Amino acid sequence: MAHVSRKKIAASLLGISMAVGFAAQSHAIVIATISGQYGSPVGDTPNLFIHNSTAFDFTNVQISGQAYNGSNAGLAAGTDIDKIDNLGGPFHRTQIKNLPNILANTTLTYTFLDGPAACGPGFSNQGNLFATDYDDTYGCSTAAQPGNVKFTFTALWQGDPIFSVFSPDDNFTRGFVGFLGLDQTGNAESIFDAGGAVAGTGELGTLAVIAEGTPPGVPEPSSLLLLGIGLAGFAASRARRQP
C-alpha cells in the first residue's frame, strides 16, 4: 500500500482551509441596517427596525437572542423555536423567532409583544427574551435583573445568506444603546426604561449592519461545498495511490 506523507496531507488540508476562508471573506458586503428603540411604537417595550433598502426581498428571516449579565440571565438553558408565540411552552436562555419576509425597500418593525404585560400576575414571561416590557420580566424594581440580550439576525437575500450580530453593548454605535430598557449591567427600572415609558420617546440607535455571509463560527453553504469537494478530492487521491 502506498504511503501518503504527513506533509502532503497537511498541504491538502491547508489548501482546503484557504479556499474556505477566501469564500467566507468574499461575501463581506454590507447591504442594510438594523435600528432599535425602547418605547416606539409601543411604550415601555423594545422595538427593532430592520431596514431592507435593497431591490430584493429578505426571506427565511430569523432572529435569535441570548441573555447575558444580570443575575437572572442564565436561569434557563436550551433553545426555544417559536414559529407562533408559544406562551404555553417553557422559555429558555436562547430563543429563536421566525419573522415574516421583508420586502424590498421596506422596513420591518418587530415589537416585543410576547404575551401580557411583564408585571402581570406571576410574572408569566420570566425567561422570555421577546416579552412585552422585557426589562421587568423578573419584577418591577431595580432588583430585577433579566440581563441584556445578544441578538443574531439571519435571512436569505437573492438566495445568499445574510446576517447581523449585535447587543446593547456591542453594536454599530460602539457605545451602549438602552433599547431593551435596561442599564449596562442588565438591571430593570433604569433611566432607559423611564425614557421610553411614553411611545416614541425612548433612545433610538443604529444597532448593526446586515452583511452577506453567515454569523462567525457558522460555515457558509458555499464554504461547506468547497470543503466537501476538497475532502472528496483528497480521498480520491489517496484511493488512487492504493495498490
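Predicted model: local features only at pLDDT ≥ 70, side-chain atom pairs only at ≥ 80, totals over all residues.

**Entry 1: Gln126.** I looked up where Gln126 sits, and it belongs to the loop between E6 and E7. Then I checked a distance across the chain: Gln126 and Pro146 are 20 residues apart in sequence, and their C-alpha atoms are 8.2 Å apart.

Next I took Thr137, located in the loop that runs from strand E6 (106–111) to strand E7 (148–157). Is Thr137 buried or exposed? Buried, at a relative accessible area of 1%. I wanted to know what its side chain reaches, and found the backbone oxygen of Tyr134 at 3.0 Å.

**Entry 2: salt bridges.** How many salt bridges does a search of the whole structure find? I got 1. The partners are Asp114 and Lys97, with 3.0 Å between the closest N and O atoms. I noted that this pair ties together distant parts of the chain: Asp114 is in the loop between E6 and E7, Lys97 is in strand E5 (residues 94–98), and 17 residues separate them.

**Entry 3: stepping back to the whole chain.** I counted elements: the protein chain has 3 helices and 9 strands. Read from the N terminus, the order is α-β-β-β-β-β-β-β-β-α-β-α. Of the 243 residues in the chain, 43% are buried. For contacts with a separation of 6 or more, I find that 68% are between residues 24 or more positions apart. The chain exposes about 11900 Å², and 61% of that comes from carbon and sulfur atoms.

Entry 4: Background I kept in mind: in soluble globular proteins, nonpolar side chains tend to be buried together. Here the largest nonpolar core has 35 residues, and the ones touching the most other members are Phe58, Phe151, Phe153, Phe166 and Ile210. I listed the strands that each supply at least two residues to this core: E1 (30–38), E2 (46–52), E3 (58–68), E6, E7, E8 (160–166) and E9 (204–212). Which of them gives the most to this core? E7, with 5 residues.

Leaving out residues up to four places away in sequence, its contacts include Ile34, Leu48, Ile63, Val149, Phe151, Phe179, Leu207 and Ala208.

**Entry 5: Asn52.** This residue is in strand E2, and it is buried, with a relative accessible area of 1%. What does its side chain reach? I found the backbone oxygen of Ile102 at 3.1 Å, and a side-chain polar atom of Asn52 lies 2.9 Å from the backbone oxygen of Phe56. Beyond its neighbours within four places in sequence, Asn52 is in contact with Asp57, Phe58, Ile102, Leu103, Ala104, Asn105 and Thr106.

Entry 6: I found a cis peptide bond between Ser40 and Pro41, with omega about 5°. Pro41 is in the loop between E1 and E2.

Asn60 went on the list for a positive phi of about 50°, although it is not a glycine. It lies in strand E3. Asn60 has 56% relative accessibility, and because exposed means over 50%, it counts as exposed.

Last stop was a nonpolar surface patch: Val30, Phe172 and Val209 form it, with about 260 Å² of accessible area together. Phe172 is in the loop between E8 and helix H2 (191–195).

Key: Residues numbered from 1 in each chain as written. Heavy atoms only, no water. Helix = DSSP H or I, 4+ residues; strand = E, 2+ residues; numbered from the N terminus. Buried < 20%, exposed > 50% of the residue type's maximum accessible area, 1.4 Å probe, protein only. Polar contact = N/O pair within 3.5 Å; in protein donor to acceptor, adjacent residues only side chain to side chain. Salt bridge = Lys/Arg side-chain N within 4 Å of Asp/Glu carboxyl O. Contact = heavy atoms within 4.5 Å. Areas by Shrake-Rupley, 256 points an atom, 1.4 Å probe, with all protein chains shown as cover. Core = buried A, V, L, I, M, F, W, Y, C linked by side-chain atoms within 4.5 Å. Patch = residues over 30% accessible without salt bridge, like charges linked within 9 Å, V, L, I, M, F, W, Y side chains within 5 Å.
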